[in-house]
Amino acid sequence: MSNIPNLDGSILSLITFIPLAGALLLMLFPRRDRDIRVFALVVSLLTFAASLHLPVHFQRAQSGFQYEHDNVWIMNPNIHYHMGIDGISMWLIVLTTFLTPLCVLISWKSISERVKEFFILLLILETALIGVFVSLDLFLFYFFWEATLIPMALLIGMYGHGRRVYAAVKFFLYTMIASVFMLAAILWLYAKVGSFDFVTVENAIRSGQVQNFSSAAEWLFLGFFIAFAVKVPLFPFHTWLPDAHVEAPTAGSVLLAGVLLKMGTYGMLRFNLGLFPEQARRNAPWIMVLALIGIIYGALVAMVQPNLKKLIAYSSISHLGFVVLGIFSFTQIGLDGATYVMLAHGVSTGALFMLAGILYERKHTYEISEFGGLATPMPRYATFFLFIVLASVGLPLLNGFVGEFLVLSGAFQAKAIYGVLGATGVIWSACYLLWMYQRVFFGKVTHPSNQSLPDMNLRERTALWPAAAMALVMGVAPLLWLNSIDPSVQNALAPFSQLASRVAGR
Amino acid sequence: MNPSTPLPQIVDYIRILPEIVLSIFGMIIMLLDPLMDFRPTHARKSQRTLGVIALVGSLAAIAASLFQARYPGTAFWEMVRVDSFSVFFHVLIAAVTAIVILSSFEYLDMQEIRSGEYYALILLGAVGMSLMSSAMELVLIFIALEISSISTYVLAGFRRRAAISSESSVKYFLLGSFATAFFLYGVALMFGATGSTNITVIGDALNSGKVSLLADVGIALMFVGLGFKVAAAPFHIWTPDVYEGAPSPVVGFMSSAPKAAVFAVLLRILFEAHAPGRVWLIWITAALSMTLGNIGALVQDNIKRLLAYSSIAHAGYLLMAFAALPHDGIPSAMFYTASYAAMNVGAFAVVSHFGSAGERYVTLEDYAGLGRRSPLLAAALTIFLLSLIGIPLTGGFFAKFYVFTAALEANLVGLTIIGVLNSAVAAYYYLRIIVVMYMREPREDVPLPRIPLGLGTALAASLAATIYLGVLPGHVLKYASQSVADLVR
């Protein structure tokens, strides 16, 4: 077909803006809830289909950015509409488009009021999320970064549970205030380089053309870092996350844990490592310590949670600690693993939140003590849950294992003690997840009212099957992902070549 | 002026054409008003006729300003100068006037305000404001300032039945006259120091050599007078009370158009006259305005008072540009004025519509659940508020962006940090409104009138302007940058 080369230039714009176009069309829809749901599902599936173009036509051997598209947007300041992806961002985009249709499915019944607004917000959120991963212009990146906040905060605040307003405002203020520091750093770079373009800025820094860079670099690094650390969230910036998760509607939680948190780790990988390699290395020790604290602390707090959703939320803090650990190990294998954990966590935690949501639809509570022996009335549900729990724990042959293993190998190479401490996190996660599973599913049915809980219906199974299948495929055939992640990671590590050569044993 | 100067030419009149147009329309309204039938059965129609005439007048003023742009130069013995700078502000002021008139249509019916004087005063006030932006003579500036101020004093008291409105008017009048006196005193001292009241001559004098103490004091006093008019701290105390009492469309008007005009004057005085001691004077005022404005707004429950404090804070952000270097500062200040006008007029249009008869519903609580009850109105207000916060894709973002970068270019790092922190704090109270609108249960006892055509148009226009400035800021900024050449020689 003759239009293929054209498509390569605009495919990213297409993927980014299909959901937004869908949202705009949805605004004109009459308030017939069923049609709205179907339409949202179609739009999100369309986006997913379009996004599959990326891995299919991705040049795996080629490092650097692909599907690039660069237009001047605004002359002054010099802002470009510059999009492009590498192996890392590509998979995060696919993760986003993969999770959104599942979110639509899982919200089918649980959202019964203001349905139209819900799906409009969901689709706008999808556009903003994809935009974060495709932007190669710092300004464009910042714009999409901030743009994710509003729909997410509204989703939590309008459709959440009891303390939703508190959680929404806390979420918004935390991330917004933190990203102001990133904006300041971006503006400083712009003032010196005269461009927001990521590649231009990167080259200017590497060739030492930026005035006063050495004195400001530490602050710039921290400016970016704080914005990302709050998003991840890295201990001790994590307090917004449990609140946001507990109050958010299921779809909100899925996207929050599945994709929004990855914006932070993706930002660290792309910007903290890409633009400030020296500062990254200098600051790595305390960052890794924070990551380790996050892993262990998150796991320990998860263990004592009486609330199912809070438990999953704290488990996210623990898992994201692995990602940060991997990134700041500056080893090929560690970064590969970090990227892989991002994807695996997106799938398995997304699925966990969906499962929790299914339970909430039936019982309107997340309290673990309200359940017990659910395996008897809900065998299918229990099977799915077990499968996803095992994936999340990191059972070999399921997706969690690959990433965590790689991360820990990387951490060992960086410093043995990091690896040792990090490895305990795997044990902890087995503890809290399996213990939770035991309390919820095994034994006799503790509450008579749970005796008659309906098992998963077709729609719910349709939402869970893709996630479960993905968890298995990602565990069995990780190379499908890693062979496109690897060159990009190599590229990201180029400035660390000195360090990388030391771990050539890979 | 010396005796050999020729008499005014046609072109001189073209250079004050927008003012002439506005005055003529203002007078037509005054003349028609007593002839109209204001018995209850016809009142609505008569009101509307006058409103439409006023609207046509303000649109004609936009056309006149654009026409005038083709004849740059000075007029009336160098008292007035038309350059791209003045045209920018003329268009801005006339556009704000048009939007305010549109949003007043229903408001006047609702509040049972007789429209004749109302529309006339708005148009005549706009005459003073337009004149301010093109005046090159301090005495003319003073006169223009008085024209604009007196009409806004009266407009502030237009809700005659409400005591709070009269209070607002009197307070504004007393403090305002005091401030104008400061300005006049400053002019007198400046005349003593340089022997002229012409900004160009003063600029040459101050630029050429030693600056006398007298000139310093003169600048400071003028700054006090003008600082009062733009509600910059520490001359801001009147703002919340006046904004609370005055009719909402009028607040939208007087928090954007006269402010824009006074900022134009300040730009001329500070940059064209090379005012000495500019940076520190501005530094302190800007930092104080931002901080006091935002802190004050945090605790407000009345939305008009909240927006009043927010306007103090925004005056602070804007003033940052005045401390910057001319080539970055002037365009960014102009851009800020335009985008602030767009979002602020829009926000007040929503407030005036929602306030209902007697402006009863102006507390934050009244807005509960607006997102569910009137998605359109809530969405519009949300966009204005997001723009006031400075979220990308809205005019407010680039306004702040340009101002902050201009300040950074001038190495005002401390001030920029204060500004950035302040915008983070400000997000809180704007968000409170959004939260209340979307996340609280609706209050059915608050009436919700349909959005009428006039208001709808006003909202659409300010929304379009806010988003246009946020998506394609390049054009306006480019135009503003060109006018720097006219201002700084």
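A residue is called buried here if 20 or more other C-beta atoms lie within 10 Å of its own, exposed if 12 or fewer, and partly exposed in between, with C-beta atoms placed from the backbone. The model is predicted, so local features need pLDDT of at least 70 and side-chain atom pairs count only at pLDDT 80 or more, while totals for chains, interfaces and linings use all residues. Residues are numbered from 1 along each chain as its sequence is written, and chains are lettered from A and ligands numbered from 1 in the order in which they are written.

**View 1. M132(B) in its surroundings.** M132(B) sits in helix α5 (residues 115–134) of chain B; helices (H or I, at least four residues) and strands (E, at least two) are DSSP runs, numbered from the N terminus. M132(B) counts as buried because it has 29 C-beta neighbours inside 10 Å. Setting aside residues up to four places away in sequence, M132(B) touches I141(B), A144(B), L145(B), S148(B), A261(B), V262(B), A264(B) and V265(B); a contact needs C-beta atoms, placed from the backbone, within 7 Å. From M132(B) to H90(B), 42 residues apart in sequence, the C-alpha to C-alpha distance is 9.4 Å.

**View 2. The contact between chain A and chain B.** Here 21 residues of chain A meet 19 residues of chain B. On the chain B side, α18 (395–409), α19 (413–439) and α21 (474–487) each give two or more residues, and the largest share, eight residues, comes from α19(B). That side of chain B has 15 nonpolar, two polar and two charged residues, where Ala, Val, Leu, Ile, Met, Phe, Trp, Tyr, Cys and Pro count as nonpolar, Asp, Glu, Lys and Arg as charged, and the others, Gly among them, as polar.

**View 3. A427(B) on helix α19.** A427(B) lies in α19 of chain B and is buried, with 22 other C-beta atoms within 10 Å. Beyond its neighbours within four places in sequence, A427(B) is in contact with M176(A) and I389(B).

**View 4. Helices α16 and α17 of chain A.** The axes of α16(A) (residues 399–414) and α17(A) (residues 416–441) come within 6 Å and cross at roughly 155°; axes are lines fitted to C-alpha atoms, for helices over the stretch in contact, and angles run from 0 to 180 degrees between N-to-C directions. The two helices, α16(A) and α17(A), are therefore roughly antiparallel (angles over 145 degrees; under 35 is roughly parallel, 65 to 115 roughly perpendicular and the rest oblique).

Terms used: Contact = placed C-beta atoms within 7 Å.
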